[in-house]
Amino acid sequence: MGLKCVIFDLDGVLVDTSVFHGKAWADLVRGEGYEPPEDLEDRVKGISRMESLKIALGENASHYSEEELTALADRKNACYLEAVKTVKASDLYPGARALLDGLRAAGIKVALGSASKNARAVLDGLGITGDFDVISDGTTHARGKPHPDVFLGAAWMAGVTPAECIVVEDAPAGITAALHGGFIAVGLGPEDFLDQAHVVVDSLEKLGVDTLQALHAGYRIPTLEGPSALPAIELVPTQDYDLTGNGLPAAWESLPWTLLQQTGGESGPVPSTRMKMRYSESALYVLIEGEAQTIQGPIGAGDPAFLTEDHISLLVMPDPWQRIYLDYKLSPLGHDVTLCVANHMGESAAYQRWSSQEELCVQKRIRVHGGSATSGATVSGWTMEIKIPFTMLAPIAVMPPKAGTVWYGNVYRVDTEQGNRACLSWSAGPGEGRCHDYAKFGKLQFGS
Ligand code: BG6
Ligand code: MG
């Protein structure tokens with residue numbers, strides 16, 4: 001899924017009309033005998049005409065009837081239209097022409113996503129109306145930003161999904177709108193003003209087609225660390241079979257092990273943990289082996305939605321654009337929890353039990369080696385075999401995955417020996433809490 005469309009906001013992104021909006025509002029308010037708010041120009045960026053009027057008038061808006069407010073907005077608009085009559089091709093922001101040309105040459109669609117009802121007049125003044133495949137603006141969508149409507153409308157008209165687009169915006173309300181719509185948001189302007197954007201640049205000259213494509217490909221990594229930096233497992237196809245708990249049948253043997261690394265907890269030696277994965281037409285199969293001295297059972301009452309005991313967590317995110325993934329937790333004692341996690345850039349995450357019919361649940365078989373499968377028993381290790389039916393994941397992505405599909409995920413282990421807790425992880429930054437950092441999830445590459 002490559003970059004198929006770039007959606008540009010207009011005012012403040014392609015041309016400096018924000019200053020005309022700001023001045024027209026300030027003049028109107030002063031004409032009414034009030035002092036406009038100091039930061040008026042910034043505050044109305046991206047905001048619809050009527051909402052902007054309320055911001056411009058502040059509390060004084062209550063002195064007017066709806067008809068009077070509409071008349072005021074019309075007056076402001078007349079002044080604004082007079083001002084934008086002067087807009088000409090040379091007012092196009094530096095870098096805009098080259099970027100529009102580059103996108104066209106690369107076969108990437110160009111869309112407008114502006115809250116303004118005057119967008120076409122401004123595009124005409126700039127002489128760039130013909131550069132746009134799609135124009136979504138205040139005349140096609142009533143709700144302004146931060147509602148995502150104009151961007152969703154632009155994507156819809158361009159025949160692409162939000163996941164295939166990048167939005168370029170200069171206003172915080174526009175960045176919020178883009179995020180609500182599920183778009184990658186590039187901020188144009190000061191970094192502290194646009195801190196919600198995935199990336200902020202100070203000029204369109206910094207945005208070449210290559211840069212935008214790389215940003216799109218690396219979206220799961222807001223820092224723009226390339227996806228090639230992620231670890232990967234090549235999944236080979238297999239026939240379906242019943243789990244044995246010890247990595248049989250022999251088909252597992254030819255596959256290489258992937259080691260988990262220590263990522264948090266005690267600094268002493270941690271038990272070696274390794275895994276393999278493969279897939280059939282109907283399920284993902286995972287084999288995990290861990291060394292262990294003892295098995296720590298549940299600690300305290302705890303939250304039944306999570307495991308307090310030694311366990312592994314298998315995180316599987318089939319569609320990174322959704323930021324929704326499976327978190328299957330399993331202890332060597334056989335306790336398991338199946339959760340659905342909705343995670344927004346680590347800032348907020350919701351955990352829900354994964355409800356599904358019995359035949360669609362995760363299947364597991366466990367063998368404990370060198371001791372009994374009881375809490376506190378001395379053992380030498382364990383083997384877990386896990387089978388995740390694809391039908392289970394159908395609510396969050398297209399199933400089954402085909403050869404060439406890439407999913408993202410992580411496997412981590414929480415292990416306590418003599419009171420020392422350690423965390424091992426396949427793919428994550430340092431620190432136990434980073435195991436859910438989906439930007440760093442490894443790649444599950446479905447092979448043929
Ligand atoms: C946005 C501007 O593009 O359009 C806002 O950033 C403006 O400042 C809004 O209020 C609506 O514009 P118009 O031209 O329909 O009044
Ligand atoms: Mg703008």
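**Exercise 1. How do the residues of the shell around ligand 1 divide into nonpolar, polar and charged?**

Conventions first. This is a predicted model, in which local features need pLDDT of at least 70 and side-chain atom pairs count only at pLDDT 80 or more, while totals for chains, interfaces and linings use all residues. Residues are numbered from 1 along each chain as its sequence is written, and chains are lettered from A and ligands numbered from 1 in the order in which they are written.

Step 1. Ligand 1 has 19 residues around it, and Asp11, Arg49, Ser116, Lys117 and Asn118 come nearest; a residue is near if its C-beta atom, placed from the backbone, lies within 6 Å.

Step 2. Two or more residues of this shell are given by each of α1 (18-31) and α3 (49-57). Helices (H or I, at least four residues) and strands (E, at least two) are DSSP runs, numbered from the N terminus.

Step 3. The shell divides into 5 nonpolar, 10 polar and 4 charged residues. Ala, Val, Leu, Ile, Met, Phe, Trp, Tyr, Cys and Pro count as nonpolar, Asp, Glu, Lys and Arg as charged, and the others, Gly among them, as polar.

**Exercise 2. Determine how α1 and α3 pack.**

Step 1. The axes of α1 and α3 are 10 Å apart, at an angle of about 50°. Axes are lines fitted to C-alpha atoms, for helices over the stretch in contact, and angles run from 0 to 180 degrees between N-to-C directions.

Step 2. The two helices α1 and α3 are therefore oblique, the class left after under 35 degrees (roughly parallel), over 145 (roughly antiparallel) and 65 to 115 (roughly perpendicular).

Step 3. Trp25, Leu28 and Val29 of α1 meet Ser52, Ala56 and Leu57 of α3, contact being C-beta atoms, placed from the backbone, within 7 Å. This contact of α1 with α3 has 5 nonpolar, 1 polar and no charged residues.

**Exercise 3. Which strands stand at the edges of the open sheet?**

Step 1. The order of the 6 strands is β3-β2-β1-β4-β5-β6, with parallel pairing; two strands pair if DSSP finds at least two bridges between them.

Step 2. β3 and β6 (199-201) each have a single partner strand, so they stand at the edges, with one side of each left without a neighbour in the sheet.

Step 3. Strand β2 (residues 109-113) is joined to β3 by 3 bridges, and Ala111 stands opposite Val134 in β3.

**Exercise 4. Locate the cis peptide bond from Lys145 to Pro146.**

Step 1. Its omega is near 15°.

Step 2. Pro146 is in the loop between β3 (134-136) and α7 (149-158).

Conventions
Contact = placed C-beta atoms within 7 Å.
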